[in-house]
Amino acid sequence: MIIVGFLPNIYLNTKLLILYAKAGDLETAQVIFDRLPSKSLVSYNVMISGYVQKGLDEVGLSLYNKMRQKGLTADQFTFSSIFRACASLARLEQGKQAHGVMIKSKIRENVVVNSSLMDMYFKCSNPSDGQRVFDKSLDKNVITWTSLISGYGQLGRAFEVIEIFHKMIDKGFRPNYVTFLAVLCACSHGGLVNEGWGYFSSMKRDYGIKPRGKHFAAMVDLLGRAGRVKEAYDFVQSSSCEDHSVIWGALLGACRMHGDMELLKIAAKKFFELDPENAGKYVVLSNAYAAFGSWVNVAEVRGLMRELRVKKEPGYSWIEVQTEVHVFYMGDNCHKHTEQTYEMIKKITVVIRDPPIVPDPDLTGVNK
């Protein structure tokens, strides 16, 4: 098109922008976006959504702020992306501000936006506001119910998850495969083995939903957390999804947790065979061997990483304090409050390690 001298108009440029953003080529999309003589809400939405879907949430939020400075009014598509970005970054205050803007904009209720908003509140550990969004939703469907179930599941509140799940069914809504995955994960975190088996069996028997790899992995995790590692291994072997690496990853974690070195080696072998180029797997396996004190195997895994030039991005966490986000990278001492942070960690560690004080019966007079 460019070679033959055809100059695209605004409409065609926007279509090209959508094409490249959906294909994940954000570099080209950004070039087209920058060259637009006038940027519309649609073009901003495309770029914001593209960056958020790629995990570049900070860039997406920055574009949102620029869009507002330009005087453009966000719509339901904008807010859906912004709430998703705030959820990923645990930016509660920024999410609340966007929620306030949405209310003032009097945007018509939308299932997708409400689900994103609920997800944001739950991921920012604010279940009361997440529940409030659900309660005020006029147009509830399986997506909004599943968002509520997933939210409580993320917080480890298994009994609330089960209660809401049955309430959803009583209201006439049919659960989908995502709903069941959220319920199984909640059962896993809550140690509800029998209940988990019941829901897993119910998927196909009552709803005709064929379990996928993640459902099998959730069951392996459920059994593993309960200490039933051998049963988890038998379950993997009899499943129709034993070629999914996520299942063997769950089994590997269970073996590491309960000290089953023999099964760990079997799980590790399958884990690597299914996706050898995944850098995270090398770290998982290395940590598993380290937990057993098998330093020879740790050295082998690390050596293999160097040989294959596999690099793992350093882990990090973040916390928002008074609207300021503090990011902490593994092994990084560049934060301005590093000394105070490590000093507090030492104090907490001492408190955790100190043995509890057991009252002496002779002194308390209990046995008298």
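Met344, Ile348 and Ile352 together form a nonpolar patch on the surface, with about 310 Å² of accessible area between them; a patch here is made of residues with over 30% relative accessible area and no salt bridge, like charges being joined within 9 Å and nonpolar side chains (Val, Leu, Ile, Met, Phe, Trp, Tyr) within 5 Å. Accessible areas come from the Shrake-Rupley method with a 1.4 Å probe, and for residues only the protein chains shown count as cover. This is a predicted model, in which local features need pLDDT of at least 70 and side-chain atom pairs count only at pLDDT 80 or more, while totals for chains, interfaces and linings use all residues. Residues are numbered from 1 along each chain as its sequence is written, and side-chain values use heavy atoms, with hydrogens and water left out.

The protein as a whole has 20 helices and 2 strands, and buried residues account for 40% of its 368 residues. Its accessible surface comes to about 21,800 Å², and 55% of this belongs to carbon and sulfur atoms.

The structure also holds 8 salt bridges, each being a side-chain nitrogen of Lys or Arg within 4 Å of a carboxyl oxygen of Asp or Glu. One of them joins the side chains of Glu58 and Arg91, at 2.4 Å from N to O. This pair links distant parts of the chain, 33 residues apart, with Glu58 in helix H4 (residues 57-69) and Arg91 in the loop between helix H5 (76-89) and H6. Glu58 is partly exposed at 43% relative accessible area, whereas Arg91, at 10% relative accessibility, counts as buried. Another salt bridge connects Glu160 with Arg157, whose closest N and O atoms are 3.0 Å apart.

Helix H6 covers residues 92-105, and at 1.5 Å a residue its 14 residues should span 20 Å, which agrees with the 20 Å between its end C-alpha atoms; the expected span is 1.5 Å times one less than the number of residues. Several residues of H6 are buried, among them Leu92, Ala98 and Met102. After H6 comes Lys106, whose phi is positive, near 55 degrees.

Definitions and conventions
Helix = DSSP H or I, 4+ residues; strand = E, 2+ residues; numbered from the N terminus. Buried < 20%, exposed > 50% of the residue type's maximum accessible area, 1.4 Å probe, protein only.
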